[in-house]
Amino acid sequence: MKFSILLTTIVSTVAAASTFAAAPVTLTVTPESEAVHPGSRRDTVVQIEVRGRPSTEKRRTPLNLALVIDRSGSMSGAKIEKARQAAAVAVDQLGADDFFSLVAYDDEVRVIIPAQKIGDDDSRAEMKAKIHRLEPGGSTALHAGVTTGAEQLREILDDEKVSRVILLSDGLANVGPSSPGELAKLGKSLRRDGISVSTIGLGDDYNEDLMTALAEASHANYYYVRDAEKLPGIFKEELGSVKSIVARRVELVIELATGVEVREVLGEDNAIIEGRTVRIPVEDLAGSQTRRFLLSCRIPAEAEESISLGTVELACVDPLTGNAWSDQQSASVRVAATREEADGTLSKDVASNNAILQNRLAKERAVALADAGRPEEAVAELRRQRD
């Protein structure tokens with residue numbers, strides 16, 4: 001049976017002052033099922049995907065980068081040596097007008113290089129000399145290290161720069177706030193200020209939950225590196241991503257149709273819901289980067305042959321020209337006679353992404369319960385999700 005979901009590009013608007021050679025962002029809207037059964041009380045999930053075009057620009061947005069390095073005792077030997085090499089790679093990859101700062105932490109936090117322009121070759125050499133003097137120390141004050149890195153970015157924070165913290169750690173946070181929930185809270189707070197935190201976990205002992213929670217909450221990248229030899233390459237990859245920003249101040253505005261009820265944007269605490277309008281700030285988008293959002297909504301119990309779900313509008317700014325660009329799409333689903341018929345129209349791709357996200361959210365809830373001293377409830381949460 002062929003499906004009849006309506007997914008139509010309604011309008012693409014480019015600022016009159018300039019035209020894009022290509023659309024900076026692609027917007028795709030896909031319901032989890034192409035048909036629904038009105039009698040079912042299951043929520044209807046809609047996937048909204050935003051993808052940046054491949055970056056081909058030679059010019060780029062200036063960077064404001066803070067490198068935060070764990071120099072606790074466990075980083076001795078090859079780890080600290082490769083961390084120094086990776087930091088030097090970062091300095092070499094940045095342009096003369098980019099800003100750079102370096103923070104190192106063990107049980108205390110030190111600003112090794114305050115926020116400043118990279119400048120000329122002599123300035124680079126001086127920065128790298130300070131980097132190569134880094135030595136391992138004591139415990140791990142990760143939260144304070146990231147907070148201090150963000151403070152360095154704030155010294156020159158503005159909308160004209162891409163502001164990013166890159167955190168490198170091989171272990172656990174054992175001084176100050178140290179749970180995934182606390183680090184996720186920090187990531188969300190920094191994201192609201194226009195700062196994102198990419199994390200690099202080194203070796204087999206680092207806290208994966210903590211590092212991924214921080215990166216995901218701030219809409220940045222996270223990496224796992226077993227072999228310290230690969231650190232310089234990872235830094236090149238991350239800086240390549242940061243330097244290829246193709247759209248800034250990206251925002252989604254969803255207007256649901258009359259009768260369609262908003263439930264939530266799964267896992268997206270930053271979403272603003274006002275009646276049937278949902279706003280999702282996406283911030284910056286790098287070349288070829290994809291961001292997916294899953295909107296949960298409920299359709300009316302009585303519906304006609306086809307149900308309009310509403311429209312999704314995407315707006316962004318070209319980082320090179322400052323010109324605005326927007327695109328809008330609408331979606332609707334048809335009504336199935338039976339639940340079995342509706343289930344047969346399931347999109348495997350969207351259903352898979354939904355399941356993965358639901359698993360992650362259940363794990364986060366379980367970790368929060370365990371941190372709060374409620375292990376039995378944590379186990380019950382995971383069992384519910386498994387079932």
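Biologist: Which residues point one way from S9, and which the other way?

Modeller: The structure is a predicted model, in which local features need pLDDT of at least 70 and side-chain atom pairs count only at pLDDT 80 or more, while totals for chains, interfaces and linings use all residues. Residues are numbered from 1 along each chain as its sequence is written, and side-chain values use heavy atoms, with hydrogens and water left out.

Ile195, Val197, Thr199 and Gly201 point one way from S9, whereas Ser196, Ser198, Ile200 and Leu202 point the other way. All of these residues are buried, a term that stands for under 20% relative accessible area, with exposed meaning over 50% and partly exposed the range in between (1.4 Å probe, protein chains only). Strand S9 is accordingly described as mostly covered, with 8 of its 8 residues buried. The names of strands and helices follow DSSP runs, numbered from the N terminus: helices are H or I runs of at least four residues, and strands are E runs of at least two.

The partners of S9 come next. Strand S8 (residues 162-169) is joined to S9 (residues 195-202) by 7 bridges, and the two run parallel; two strands pair if DSSP finds at least two bridges between them. Within this pairing, Ile166 stands opposite Ser198, and Arg164 stands opposite Ser196. S9 is also joined to S10 by 4 bridges, again in a parallel arrangement, and here Leu202 stands opposite Val225. S9, helix H5 (residues 208-217) and S10 make a right-handed β-α-β unit. Right-handed means that, with the strands pointing away from the viewer, the path from the first strand over the helix to the second runs clockwise.

These strands belong to an open sheet of 6 strands in the order S7-S6-S5-S8-S9-S10, with mixed pairing. Its edge strands are S7 and S10 (222-225), each of which pairs on one side only. On average, neighbouring strands of this sheet are turned by 15° against each other, direction ignored. Such angles run from 0 to 180 degrees between N-to-C directions, and axes are lines fitted to C-alpha atoms, for helices over the stretch in contact. Helix H1 packs on the sheet and touches S5, S6, S8 and S9, its direction making about 175° with that of S5; contact means heavy atoms within 4.5 Å. Helix H6 (residues 231-243) also packs on the sheet, touching S5, S8, S9 and S10, and its direction makes about 160° with that of S8.

Elsewhere in the sheet, strand S6 (residues 99-105) is mostly covered, with 7 of its 7 residues buried. Phe99, Ser101, Val103 and Tyr105 point one way from S6, and Phe100, Leu102 and Ala104 the other way. Strand S5 (residues 63-70) pairs with S6 in the parallel sense over 7 bridges, and Leu65 stands opposite Phe100. The chain crosses from S5 through helix H1 (residues 78-93) to S6, in a right-handed β-α-β crossover. S6 is joined by 6 bridges to strand S7 (residues 109-117), and these two run antiparallel. Phe100 stands opposite Gln116 in S7, and a hairpin of 3 residues joins S6 to S7.

Helix H3 (residues 142-154) and helix H4 (residues 180-192) pack at an angle of about 5°, with their axes 11 Å apart. That makes H3 roughly parallel to H4; angles under 35 degrees count as roughly parallel, over 145 as roughly antiparallel, 65 to 115 as roughly perpendicular, and the rest as oblique. Leu142, His143, Val146, Thr147, Ala150 and Arg154 in H3 meet Glu182, Leu183, Leu186 and Leu190 in H4. The residues of this contact divide into 6 nonpolar, 2 polar and 2 charged, where Ala, Val, Leu, Ile, Met, Phe, Trp, Tyr, Cys and Pro count as nonpolar, Asp, Glu, Lys and Arg as charged, and the others, Gly among them, as polar.
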